[in-house]
Amino acid sequence: MTQPLRLGIAGLGTVGAAVVGMVARRAEALSASGRTVAVTAVSARDKSRDRGLDLSGFAWFDDPVALAQSDAIDVFVELVGGAEGPAKAAVEAAIASGKHVVTANKALLARHGAALAKAAEEKGVALAYEASVAGGIPVIKAIREGLAGNAVSRVYGILNGTCNYILSRMEAEGLTFEACLKDAQALGYAEADPTFDVEGFDTAHKLAILTSLAFGVEIDADGVSVEGISAIQPLDLAMADELGYRIKLLGVAQATEAGIEQRVHPTMVAKASAIAQVMGVTNAVTVDADAVGELTLIGPGAGGKATASAVVADIADVAAGVRRPTFGRPVAALSAPRRVEMQRHEGGYYIRLTVHDRTGVAAGVATRMAEAGISIESIVQRRSAKAASSDPKGRSGQPVPLVLITYAATEGNVREALAAIGRDGLLAEAPQLIRIERE
Ligand SMILES: NC(=O)c1ccc[n+]([C@@H]2O[C@H](COP(=O)([O-])OP(=O)(O)OC[C@H]3O[C@@H](n4cnc5c(N)ncnc54)[C@H](OP(=O)(O)O)[C@@H]3O)[C@@H](O)[C@H]2O)c1
């Protein structure tokens, strides 16, 4: 009779507690591969905290590193979080002592994935991380295994539920970013310090992992260009709606001749696209691949149960003896990342200028755009009620929005045109620039 696979769970918070419950509930199904699976030891900070779990049958460790090194476990399940500190020390210790590792920790993978994958490879142990990107959506397996026969040209997604919740509410109710963030915090969707989510860093970590998998390159989290959603205004969402778009915070990795673009930014997506239908805290990942075409996976990106679903899938693989190179190929076969500067990005742009309501302003803007080689697809000028009432007949000189949609242009040229428009004294406020992602 094969020995049971013994799990040590470090971290008994939202995800860890759900994993302990799921392993117990799904014990029979998990043993279908021929090996029973059982939690034997756990670690968290506070032993006395009520977690709604009976922990009496498990060995308790105050120190996750000691748990990682313990002979009482075969698999170390890291659900503590954080790129450094106890999570990193414990995962390194687990690999060094020959334990398989299952983790949900995107920050750790994004920062130290290459070194950890190399160590795991040398020790012949698994380093599994399905839960680290898009929570319950099995996107790691889908790209690494399901699309192994494809060359991927682009992968992009809504990878942060907090941002998608905020943008969805702003769009549906015309509310400000600040108001929606407050609600997200009250509902537990956003942390007390929301910077990591709303400024795009969480999405960047997940994107860096997807890029490595999809393109066979070493993980390069520092190569991601990152912009968050805090500067998006209700007017941008209303204009997007009018022009046939929705605004989503996307992480996009795209193969170009110069290398692989990795960018996180608010993005205009066509209202009819699959990704535009994804509202609230839901996540989605779209892969463009040569054989399969476009594939979109949509599902819950966070939450105890949904994330535990991905963690337990990794545990089932370890139990069944499935071993895959961490990033789809041996670490030595991953190519070095070739970064592409954002200035070289080419695509359509939504540009919202706040201009003085004066004769000739639109023409002045159009001239600067043309000089920079940028073709304008549409131009929308609005007079605010205030501007109109101050001078119903003529130009008021008041600040008014002027929105441009461009055909494909390079970011460098767009920035050059905006700088020239600024020098001409046409702008009452800094411009808003949102990239358009075509299907
Ligand atoms: N929550 C989600 O929806 C979600 C989704 C995808 C991925 N993830 C990832 O899953 C991981 C866990 O997230 P979570 O939401 O479950 O976090 P959480 O609720 O904050 O739980 C963290 C757990 O780690 C324990 N811990 C913290 N520092 C420790 C230390 N020094 N030694 C031992 N234990 C320590 C805490 O102990 P105490 O309970 O005693 O304080 C707690 O049980 C993170 O990497 C996160 O990014 C989470």
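Hi everyone. A quick definition before we look around: a pocket, here, is an open set of grid points with protein on both sides within 12 Å along at least five of seven lines. Keep in mind, too, that this is a predicted model.

So, where does the ligand sit? The space it takes is the largest pocket. Around the ligand there are 23 residues, and the closest are Leu12, Asp46, Arg49, Arg51 and Gly303.

Arg49 has a side-chain N or O atom 2.4 Å from an oxygen atom of the ligand. Arg51 also uses its side chain: one of its polar atoms lies 2.7 Å from a ligand oxygen. With Gly303, the backbone takes part, placing an N or O atom 2.7 Å from an oxygen of the ligand.

Six strands make up an open sheet with parallel pairing, and the order reads β3-β2-β1-β4-β5-β6. At the edges you'll find β3, residues 59-61, and β6, residues 127-128, each pairing on one side only. Next to β3 in that order is β2, which spans residues 37-43 and pairs with β3 in the parallel sense over 3 bridges.

Notes:
Residues numbered from 1 in each chain as written. Predicted model: local features only at pLDDT ≥ 70, side-chain atom pairs only at ≥ 80, totals over all residues. Heavy atoms only, no water. Near = heavy atom within 4 Å. Polar contact = N/O pair within 3.5 Å; in protein donor to acceptor, adjacent residues only side chain to side chain. 1 Å grid on protein atoms, 1.4 Å probe; cavity = no way out; pocket = protein on both sides within 12 Å on 5 of 7 lines; lining within 4 Å. Sits in = over half its atoms within 2 Å of the grid points. Pairing = 2+ DSSP bridges. Helix = DSSP H or I, 4+ residues; strand = E, 2+ residues; numbered from the N terminus.
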